[in-house]
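Colleague: Please walk me through the labels on this model. I want the value and the cut-off behind each one.

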Amino acid sequence: MTLGSNTVQIEDIAFGGAGVGRTNGKAVFIPYTINGETVTVQITERKKNLDRGRLLEILKVSPHRVSPPCPYFTKCGGCDYQHIEYEEQLAIKQRQIVQVLRQIGRLQNLNVLPTVAAPAAYGFRNRITIHSDGNRIGFFERQSRNVLDIETCVIASPTVNEKLRQIRTRSLADGEHRTLREEEETRTFTQTNNAVAKLLLDYVADHAKGAVLLDAYCGSGFFSHRMASRFRRVVGIDWSERAIETARRRADPNETYLLGDVGEIINESLTSHQPDCVILDPSSKGLDDRVATVLNQFAPPSVLYVSCNPSTLARDLGRLRERFRIEAIQPFDMFPQTAEIEAVALLNRK
Ligand SMILES: C[S@@+](CC[C@H](N)C(=O)[O-])C[C@H]1O[C@@H](n2cnc3c(N)ncnc32)[C@H](O)[C@@H]1O
């Protein structure tokens, strides 16, 4: 349905990736636009507090606009920022964290550091999930379950693209999906961008101090196992049996891995192990209430909160500031070209 077209000045790029302007005082969200641009827009959806629009024409072009290298860009649901030069993508992500912390966590004047760049802005993904509708094999179209036929993905690594090429020579049934990984044996959560994961690990390791480390949401021990030699004891918690099995299989004698819900067992772990440092790396849902409550009660000397969702990070930091000082927030560009943001918050007990 067409609801009319307008000329809009783009003021900002919101978390999620759409440019934001105003029509008659009301915010309008327009994907693939950049702050500083003047565009004409077809309004596609009117809501009470905001409208959504589709970019028709760019009247004034941002100096940060570049030509997207991928032929599927704007149709494919994967990437949001291929039209923006890479340095600017990093600045946008830093600004968005500041905004989300203010809007959701009511947190102002925090030390949000410049985003750490990915060593490679393309060809970095070590896994992709592809779907089939019986004819086409590829990714879902933007905001749809229609399968877009994809021959190659510019953000996937060469190894993953070779696997995509091979699977396209076979047929998959309607509704089938496959995750294509650089390392096929991996069946638990793994970080998606090896080079940035290494930078993230180094950062967390540099800031984790003390004798006892608790790694909550540890997966197969990405942080805890690699940091174990620097601690007297390391304890990891995850509810994935497969992840805990993997962590236990390669654990050194000073590593203990507990299978269970962090919300249910963190209290007991904090009491019995008295960690000096707690790493939190939850899913995008963030912490459940019990975890924030127990951390505020127990108040370990330091917490490193690794987040893949600024909204839940903001909510959780809003709760944890009761007992913790938020020293810094360091964004990492784990997912270049996409609107996803990874960040580490450094918290010290007040
Ligand atoms: C973002 S991943 C991080 C894994 C690990 N830190 C890494 O870097 O590989 C989140 C992990 O939290 C686990 N998880 C999510 N909710 C949980 C819960 N309530 N209790 C225990 N583990 C949970 C998932 O199984 C997953 O391994």
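Modeller: What follows takes the labels one at a time.

Modeller: This is a predicted model, where local features need pLDDT of at least 70, side-chain atom pairs count only at pLDDT 80 or more, and totals for chains, interfaces and linings use all residues. Residues are numbered from 1 along each chain as its sequence is written, and side-chain values use heavy atoms, with hydrogens and water left out.

Colleague: Why does Lys93 count as buried?

Modeller: Buried means under 20% relative accessible area, exposed over 50%, and partly exposed in between, with a 1.4 Å probe and protein chains only. Lys93 has 1% relative accessibility, so it counts as buried. Lys93 is found in helix α1, residues 86-105. Helices are DSSP runs of H or I with at least four residues, strands are runs of E with at least two, and both are numbered from the N terminus.

Colleague: What does the side chain of Lys93 reach?

Modeller: The backbone oxygen of Thr338, at 2.8 Å. A polar contact is a pair of N or O atoms within 3.5 Å; within protein, one must be able to donate a hydrogen and the other to accept it, and residues adjacent in sequence count only if both atoms are side-chain atoms.

Colleague: Is Lys48 buried or exposed?

Modeller: Lys48 has 79% relative accessibility, so it counts as exposed. Lys48 lies in the loop between β5 and β6 (50-60). Its C-alpha atom is separated by 25 Å from that of Val98, 50 residues apart along the chain.

Colleague: And why is Leu317 called buried?

Modeller: Its relative accessibility is 0%, so Leu317 counts as buried. Its place is in helix α8, residues 310-320.

Colleague: Turn to the ligand. Which residues come nearest?

Modeller: Gln191, Tyr217, Asp238, Val262 and Asp281, of the 15 residues around the ligand. A residue is near a molecule or strand if one of its heavy atoms lies within 4 Å of it. By class, the shell has eight nonpolar, four polar and three charged residues. Ala, Val, Leu, Ile, Met, Phe, Trp, Tyr, Cys and Pro count as nonpolar, Asp, Glu, Lys and Arg as charged, and the others, Gly among them, as polar.

Colleague: How many aromatic pairs does a search of the whole structure find?

Modeller: Three. One of them joins Tyr203 and Phe332, at 5.5 Å centre to centre and 70° between the planes. Rings of Phe, Tyr and Trp (its six-membered ring) pair if their centres lie within 6.5 Å; planes under 30 degrees apart count as stacked, over 60 as edge-to-face and the rest as tilted. The Tyr203 and Phe332 pair is edge-to-face. It links distant parts of the chain, with Tyr203 in helix α3 (residues 194-207) and Phe332 in strand β16, 129 residues apart. Both Tyr203 and Phe332 are buried.

Colleague: What makes Phe222 and Phe223 edge-to-face?

Modeller: Their planes stand at 75°, with the centres 4.9 Å apart, and the pair is edge-to-face. Phe222 and Phe223 are both buried.

Colleague: How do you know that β16 and β17 pair?

Modeller: Two strands pair if DSSP finds at least two bridges between them. β16 and strand β17 (residues 342-349) have eight, in the antiparallel sense. Phe332 has Glu342 in β17 as its bridge partner. Strand β16 (residues 324-332) is mostly covered, with seven of its nine residues buried.

Colleague: Why are β1 and β2 said to stand at the edges?

Modeller: Six strands form an open sheet with mixed pairing, in the order β1-β5-β6-β4-β3-β2. β1 (5-9) and β2 (12-13) each have a single partner strand, so one side of each is left without a neighbour in the sheet. Five bridges join β1 to strand β5 (residues 38-46), and the two run antiparallel. Ser5 stands opposite Gln42 in β5.
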